[in-house]
Amino acid sequence: MTATHPTGQRASHRAIAALPRRLGLGGQPMALYLGIAMVAFWVLLAIFAGAVAPYEPNAQDLKSFLQPPSLAHPFGTDNFGRDVFSRVIFGTRIDLVMGIMGVLWPFILGTTLGSIAGYFGGIVDIVLMRILDITLAFPFLVLMIAIISVLGAGLSSFYIAITLVGWVSYARLVRSQVLVLKSSEFILAARNLGYGHRRIMFRHMLPNALVPSIVFSMSDVVLVILAGSSISYLGLGVQPPTAEWGVMISEGQNFMTTAWWITAFPGFAIVFVAFGFSLLADGLGEKLGVRE
Amino acid sequence: MHRFRFVLYRPLQLLPVLFGISVITFVLIHAIPGDPVRTILGPKATVEAITRVRAQFGLDKPVVVQYGLFLKNLVRGDLGRSVVYKVGVVELVAERFVATAFLLGYGVVLALALTVPLAVTAALFRGRILDHLIRVFSTAGLGFPAFWLGIMLMILFSIRLGLFPVSGYGEGFLGHLHTLFLPAFSIGLALSAVLTRNLRASLLAELDSDYVSAARAKGLSPRWIFVRHVFRNSLIPTINLLGVNLGWLIGGTVVIETVFSVPGLGSLIVKSIFARDYMVVQAITLTFACATVLVNFAVDVVTVALDPRIKL
Amino acid sequence: MSEAPLLEVDDLTVEFATPTGVVRAVDGVSFTLGEGEVLGLVGESGSGKTVTCRALMRLLPSRRARIVTGSARIDGVDLMAMTEPEMRAVRGLTMGMIFQNPMTHLDPVMTIGAQIAEPLRAHLGMARAEALAQATELLRQVGIPDPKARLGAYPHEFSGGMRQRAMIAAALARRPRLLIADEPTTALDVTVQMQILRLLLDLRDTTGLAIVLITHDLGVVAETCDTVAVMYAGRIVERAPKAALLRRPLHPYSDGLTRSQPGSASPGRELPSIPGQPPSLADLPSGCRFRPRCDHAEPACAEASPPLVEVAPGRASACRRWRVLEAGA
């Protein structure tokens, strides 16, 4: 139940998009290409973690614990003598999967519910909007940790919680697209030709309706990684000794007076992964003409 | 003032939502596996306590009746007792509510204090180095985990430089301002990344508007036009965005309070989850949800006040 | 009308930087305007009429547009030579401007009264109450009923015609002597159009306001203008008193325009139109710019672009074959 208003403004994207060109910086797709490059880097890093990381993530070496960054250990070691650099690299696997899965399930659930509600309208739509309002009334993170408190801490609880909470954005996006498309000419034509509801929804409407959701999902990955690492930091998500960035930051906080590197580097990793996805989201949004 | 008529109708529309909130909170607690009495009272309950609780919450009766009793207790201001702190939950929540509210308000103020200068600078220096730097900052800033930011700031300013205390709430208003500066700043910095992008885009769009040309044709100075026309128009979508993000913010206090050991509702709910103090978890969830609903309502009122075109 | 013209524009030339190169949107435009005179600036989109007027107000986008040469003198002072602060003093005081779409040219979140009072408060330092009282009076003068009650209204609460009246009131708040009206009636209903044009003429009659009226509609010209300047591809191709131009145009383009007016055709016959399209300013034809579409073109027309010359008292044409048109082809 938030306010909407007619903007009557020109798209700011045109002005912004023209800027890099004017500076001779190569033009509009820069954000997109840089974003793709960064995300590709992290994905490759996750896949080839074993080859890149010099040590096993959980290999303890108690003789060299709490060492500052050095040539042998570029990111230093933690209180168990584990190499932070390797742990950050292996953590990429966990956090990336967390980000992608944490977007995938809400996407599927939200899109399904949103398109049904938008397409059929009536009581189905009203009920859905009420459920949406109620879900939105709870602060995102609070509802998630409340659900996790019931289910017990762990990664699967996290996935269930985020699906139950995160579907809302996708449902809203798809629903508003469907509402607009429902009365568009090509859909009316399909109806006139006697196509069934399911065919119209899947083959004709959904491909168009999905565009804003896909753009949003890129920036949603950022939100999910932040949520996931926050919840793991609190001890409610991924559990130690698994090398997940949020867990590492939590463990490192105990030693922050003497060994700042244990908390610093996992955090930088989060920032850079998120930056890559944010650029990708921006670039994709500009390319596909979707306003924020 | 018929535009504000919705203020009268809105509470009625909110009732179903509040109802739904209470249902979900109720369901959550009852979804916990195990004996609900143990849930409510903890493992060391006396026989009399067990009997009393069974009666009060009607645990032998059908679920619907239990919900009714839950509502009745709610209205009476009784949400049970904390297993850990041994006081009424309502009392506990009320005590710690202020710290969280202070932290949130402080965070929003700092966010705005950062956002407005950054966005205005970026818009006025459009296309130049400063603008690009600010844009990079705000895009990168979207990915800064507030809790990590808090720890980094703590390491630098509390431990290395000793400028701020590492934890707590402080005494007195100025004490609060000092002690809560780092946690509020973490929240504010993360929030300003989001808001700066939006405000900058808004400002640029408004600067290109036709009414700006018309204002220039009246001989008005750029500064007058910026302050009295462009800025006001740009603020509206940004305030809206702030409202949308408040849900996130309120959730964010959970993590930040844990990082900085601020004695507020956020750190309490986390501790209560680990301590299986479920009555407290339920009450705080309920409180946060109601707060979100009220704040969204307030944002709508502010938006209507700022934009005469909107009818809600 | 006094003898010395209020506005003298001489050889005004404006260039734009575009992705395809530098383009001259306005090329050597000259005209004069006397006090209380209504000059119609007529042409298709892209002819340069809007750019000319924005150049006069110095409201062109500074990064892409450049005034290459030319002068525009009001009371002997050249607007093109002024600094921006000097121009700001002139805008609103000596020259005002109103625009085509009043909805987008008014601030949607500020009251009508405040927007009319604005120039009075900003420049004359008037107190709010006094400025609003003046605004009420201005609203009354532009024909808005019950003006005092309307002060607190917002633009979206007004009808299109009332918004345009409000914009006129705001532009004339400091009593400028010249008003530039950029297609003020194009976005309005036909009945409202006439009311607004009538209002502009009334203001001219009561205050001696001189008006440059941009339009693509010869019907508007017929109703309101004293003199007309026809623009094509960045140049003025004909300048004449209104009646003379409408009766007997002396340039093939103006001729084509008058012939294609619905009122001038005989019933039952097809309405003539000018074949072809205006040229792209980045790729102009050699010689006369209208040559590719002209029925009267001869080989000499391809060699050099004919200048705008005075062919009769008060009339100028940029066609070397104007006599053919005068004879009544």
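**Entry 1: where A meets B**

I looked up the contact between chains A and B first. There, 48 residues of chain A are in contact with 56 residues of chain B. Two residues are in contact if their C-beta atoms, placed from the backbone, lie within 7 Å. I am working with a predicted model, in which local features need pLDDT of at least 70, side-chain atom pairs count only at pLDDT 80 or more, and totals for chains, interfaces and linings use all residues. Residues are numbered from 1 along each chain as its sequence is written, while chains are lettered from A and ligands numbered from 1 in the order in which they are written.

Which elements of chain A supply at least two residues each to the side that touches chain B? I listed α1 (12-22), α5 (122-137), α6 (140-151), α9 (197-234), α10 (245-253) and α11 (261-287) of chain A. I then sorted the side of chain A by class and got 31 nonpolar, 12 polar and 5 charged residues. Here Ala, Val, Leu, Ile, Met, Phe, Trp, Tyr, Cys and Pro count as nonpolar, Asp, Glu, Lys and Arg as charged, and the others, Gly among them, as polar.

**Entry 2: where B meets C**

Next I turned to chains B and C. This contact takes 17 residues from chain B and 26 residues from chain C. On the side of chain B, α10 (210-217) and α11 (222-260) of chain B are the elements that give two or more residues. The largest share, 6 residues, comes from α10(B). By class, I noted 6 nonpolar, 5 polar and 6 charged residues on the side of chain B.

**Entry 3: chain A by itself**

I read chain A along its sequence. It has 11 helices and 0 strands. Buried residues make up 47% of its 292 residues. A residue is buried if 20 or more other C-beta atoms lie within 10 Å of its own, exposed if 12 or fewer, and partly exposed in between, with C-beta atoms placed from the backbone. Of the contacts in chain A with a separation of 6 or more, 69% are between residues 24 or more positions apart.

I also checked a peptide bond. The one from Pro240(A) to Pro241(A) is cis, with omega near 5°. Pro241(A) sits in the loop between α9 and α10 of chain A.

**Entry 4: chain C and its sheet**

Chain C has 11 helices and 12 strands. Its radius of gyration, taken over C-alpha atoms, is 21 Å, close to the 20 Å that the globule rule gives for 329 residues, so chain C is as compact as a globular protein of that length. That rule is 2.2 Å times the number of residues to the power 0.38. Buried residues make up 43% of chain C.

I traced an open sheet of 8 strands in the order β6-β7-β8-β3-β9-β10-β12-β11 (chain C), with mixed pairing. Two strands pair if DSSP finds at least two bridges between them. Why is one side of β6 (95-98) and of β11 (309-312) of chain C left without a neighbour in the sheet? Each stands at an edge with a single partner strand, so one side has no neighbour there. β11(C) pairs with β12 (residues 315-317) of chain C in the antiparallel sense over 3 bridges. In that pair, Val309(C) stands opposite Ser317(C).

**Entry 5: two loops in chain C**

Most residues other than glycine have a negative phi. Asp146(C) has phi near 50°. I found Asp146(C) in the loop between α4 (128-141) and α5 (147-150) of chain C. Is Asp146(C) buried or exposed? Asp146(C) is exposed, with 9 other C-beta atoms within 10 Å.

Arg175(C) has phi near 55°. Its place is the loop between α6 and β7 of chain C. Arg175(C) is exposed, with 12 other C-beta atoms within 10 Å.

**Entry 6: the core**

Last, I went inside. A nonpolar core is a set of buried Ala, Val, Leu, Ile, Met, Phe, Trp, Tyr and Cys residues joined through C-beta atoms within 7 Å. The largest one has 253 residues, and Met144(A), Ile145(A), Ile116(C), Ala169(C), Ile180(C) and Val212(C) touch the most other members. Helix α9 (residues 181-207) of chain B gives the most to this core, with 16 residues. Leaving out residues up to four places away in sequence, I found that Val212(C) touches Leu33(C), Leu39(C), Leu41(C), Cys53(C), Ile180(C) and Ala181(C).

Key:
Helix = DSSP H or I, 4+ residues; strand = E, 2+ residues; numbered from the N terminus.
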